[in-house]
Amino acid sequence: MAAFRRLAISEAGDVTVVRFVDRKILDELNIQELGQELFQLVEQENRVRLLLNFFNVEFLSSAALGKLITLDKKVKAHNGKLKLSNIRPEIYEVFAITKLNKLFDIKEDEADALAAF
Amino acid sequence: MYHSGSASANSDVRLHLAVLNQTDRTHTNNTIMSLSDSECWSVNLTLPSVRGAGKDFINNLLEELRRNAWNDHEVFGVHLAVEEAVVNAIKHGNCLDESKQVQICCRLWKDRLWIEIIDEGCGFNPDEVPDCTQIENLEIPNGRGIMLMRSFMSKVEYSSAGNGVILEKLRGQS
């Protein structure tokens with residue numbers, strides 16, 4: 001498995017659990033790197049059952065949302081599944097405002113999300 | 001000339017800016033200006049068109065908001081909106097062209113925040129940005145910054161040339 005700078009990767013059965021290193025996902029270069037690492041999971045490592053755990057995330061910008069949307073497309077193109085969990089209320093509000101809570105399958109916590117795969 | 005598509009112009013802000021343009025702004029860059037009695041904090045600055053150039057300004061602004069007892073949700077919303085606006089000006093307005101600059105004028109009162117951000121780009125029409133909340137547009141990766149600005153600020157107005165934006169937040173309002 002490749003080394004990642006923006007992501008912490010673990011496995012739960014056949015699901016890859018992804019946690020974010022940065023509490024604030026807003027620096028453009030970091031977001032670029034974050035996107036590349038997420039896409040690498042799908043396209044190079046063929047990890048297509050992904051759970052993104054947002055426990056550590058306090059802030060994210062629209063550029064980060066763009067990377068998540070692109071990731072979702074890539075996962076779907078590989079017939080995989082993508083779920084999100086542990087999103088703080090203020091971050092969830094960002095998903096709700098942009099209606100991305102309808103695009104993504106968002107669960108309360110990691111256990112709920114893993115049970116839903 | 002600014003327009004939001006919904007809210008009317010705020011005349012006292014216009015007057016304030018007009019006075020500012022005639023006096024302090026002509027000779028003040030990157031300095032905190034003297035404040036009138038009603039203002040808590042005020043700054044005019046010029047940013048280069050490089051990624052991350054707005055970081056110090058935004059951190060200082062957030063610190064001032066907290067110092068003036070704005071709550072966490074308000075600070076979060078202002079952070080998101082201003083971050084999006086500054087990135088838009090640097091990246092989409094000035095296209096990261098280092099020969100161009102971004103002008104920021106910021107005023108903070110106890111219960112009100114007012115920020116003008118002007119880039120040197122050719123401008124855009126915010127009405128032409130697709131509505132990303134429509135089902136058919138949900139998977140478009142771009143265009144959510146403007147929506148977030150409008151949601152978290154009390155008022156967002158774009159200049160008629162499309163290269164300037166005024167953000168206003170009234171404390172206690174969405």
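Which pattern does chain A follow when read along the sequence? In this predicted model, chain A runs β-β-β-α-β-β-α-β-α-α-β-α. Its secondary structure comes to 5 helices and 7 strands. The radius of gyration of chain A is 13 Å, close to the 13 Å that the globule rule gives for 117 residues, so the chain is as compact as a globular protein of that length. Along its principal axes, the C-alpha trace of chain A spans about 30 × 30 × 25 Å. Of the 117 residues in chain A, 37% are buried. Contacts in chain A with a separation of 6 or more were also examined by sequence distance. Residues 24 or more positions apart account for 73% of them.

Helix α1 of chain A covers residues 28-43. At 1.5 Å a residue, its 16 residues should span 22 Å. The end C-alpha atoms of α1(A) are 22 Å apart, which agrees with that expectation. Five positions are named as buried in this helix: A:I31, A:L34, A:L38, A:L41 and A:V42. Seen down the axis of α1(A), the buried residues fall within an arc of 95 degrees, so they line one face of the helix.

The contact between the chains takes 19 residues from chain A and 20 residues from chain B. On the side of chain B that touches chain A, two elements give two or more residues: α4 (72-93) and α5 (144-152). Helix α4(B) gives the most to this side, with 7 residues. By residue class, the side of chain B that touches chain A divides into 8 nonpolar, 7 polar and 5 charged residues.

In soluble globular proteins, nonpolar side chains tend to be buried together. The largest nonpolar core here has 67 residues. Those with the most contacts inside this core are B:A81, B:A85, B:M149 and B:L167. Helix α4(B) gives the most to the core, with 10 residues.

The surroundings of B:M149 were then examined, leaving aside neighbours within four places in sequence. B:M149 is in contact with B:A81, B:A85 and B:L167, and also with B:E84 and B:V156.

Note on methods. Residues numbered from 1 in each chain as written. Chains lettered and ligands numbered in written order. Predicted model: local features only at pLDDT ≥ 70, side-chain atom pairs only at ≥ 80, totals over all residues. Contact = placed C-beta atoms within 7 Å. Helix = DSSP H or I, 4+ residues; strand = E, 2+ residues; numbered from the N terminus. Nonpolar A, V, L, I, M, F, W, Y, C, P; charged D, E, K, R; others polar. Expected span 1.5 Å × (residues − 1). Buried ≥ 20, exposed ≤ 12 C-beta atoms within 10 Å, placed from the backbone. Arc of directions from axis to C-beta. Core = buried A, V, L, I, M, F, W, Y, C linked by C-beta atoms within 7 Å. Rg over C-alpha atoms; globule rule 2.2 N^0.38 Å.
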